[in-house]
Amino acid sequence: MKDCVFCRILGGEIPATTLYEDDATVAFRDVNPAAPAHALVIPRKHIATLDDATAADAELLGKMMWAARAVAAEMGVAKSGYRLVMNTHAGAGQSVFHIHLHVLGGRGFTWPPG
Ligand code: 5GP
Ligand code: ZN
């Protein structure tokens, strides 16, 4: 998608610090980190929100979780703990409409989330 910032990262038009990639997903550092360790896992396929995914995308969604685990290890927070977040729709804080899993770690987290 031409106007999608994450598609532009996938296309190499916008630089990013890549931490992990495989056939279906790419993970890179968040440009505005909300924690000492903060990465985003995105699918190579453009899907605007989780609600735009179909049953055919179920395996891809699972691959995002699998990638997040590797990214947590890569960032050194696998043992200390990490949080996965997927904001869905603007009302929940989604600002980039290409689905992404936030991988956050390196500090404590409260519950319920803000
Ligand atoms: P959302 O608010 O949609 O859940 O999360 C979007 C995230 O993308 C934000 O944490 C924001 O900092 C990050 N982000 C937005 N634009 C860019 C960019 O160009 N590069 C990187 N690395 N992260 C970005
Ligand atoms: Zn996109």
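1. Which element gives the most to the lining of the largest pocket? In this predicted model, helix 1 does so, with three residues. The elements that give two or more residues to that lining are helix 1 (5-10), strand 2 (25-29), strand 3 (37-43), strand 4 (82-85) and strand 5 (101-105).

2. The largest pocket holds about 630 Å³ of space, and 29 residues line it, with Asp30, Ala34, His38, Leu40 and His102 lying nearest its centre. Sorted by class, this lining is made up of 15 nonpolar, ten polar and four charged residues.

3. The largest pocket is also the space that ligand 1 takes. Around ligand 1 there are 16 residues, the closest being Asp30, Asn87, Gly93, Ser95 and His102. By class, this shell has seven nonpolar, seven polar and two charged residues.

4. Helix 1 gives the most to the shell around ligand 1, again with three residues, while helix 1 and strand 2 each supply at least two residues of that shell.

5. Turning to individual atom pairs, an oxygen atom of ligand 1 lies 2.8 Å from a polar side-chain atom of His102, and an oxygen atom of ligand 1 lies 2.8 Å from a backbone N or O atom of Gly93. A nitrogen atom of ligand 1, for its part, is 2.9 Å from a polar backbone atom of Arg29. Of the 520 Å² that ligand 1 exposes when taken alone, the protein buries 82%.

Conventions. Residues are numbered from 1 along each chain as its sequence is written. Chains are lettered from A and ligands numbered from 1 in the order in which they are written. This is a predicted model: local features need pLDDT of at least 70, side-chain atom pairs count only at pLDDT 80 or more; totals for chains, interfaces and linings use all residues. Side-chain values use heavy atoms; hydrogens and water are left out. On a 1 Å grid over the protein atoms alone, a cavity is a set of points where a 1.4 Å probe fits but cannot get out, and a pocket is an open set with protein on both sides within 12 Å along at least five of seven lines; lining residues have an atom within 4 Å of a point. Grid points are joined across faces, edges and corners, and a volume is the space filled by probe spheres set on the points. Helices (H or I, at least four residues) and strands (E, at least two) are DSSP runs, numbered from the N terminus. Ala, Val, Leu, Ile, Met, Phe, Trp, Tyr, Cys and Pro count as nonpolar, Asp, Glu, Lys and Arg as charged, and the others, Gly among them, as polar. A residue is near a molecule or strand if one of its heavy atoms lies within 4 Å of it. A polar contact is a pair of N or O atoms within 3.5 Å; within protein, one must be able to donate a hydrogen and the other to accept it, and residues adjacent in sequence count only if both atoms are side-chain atoms. Accessible areas come from the Shrake-Rupley method with a 1.4 Å probe; for residues, only the protein chains shown count as cover. A molecule sits in a cavity or pocket if more than half of its atoms lie within 2 Å of its grid points.
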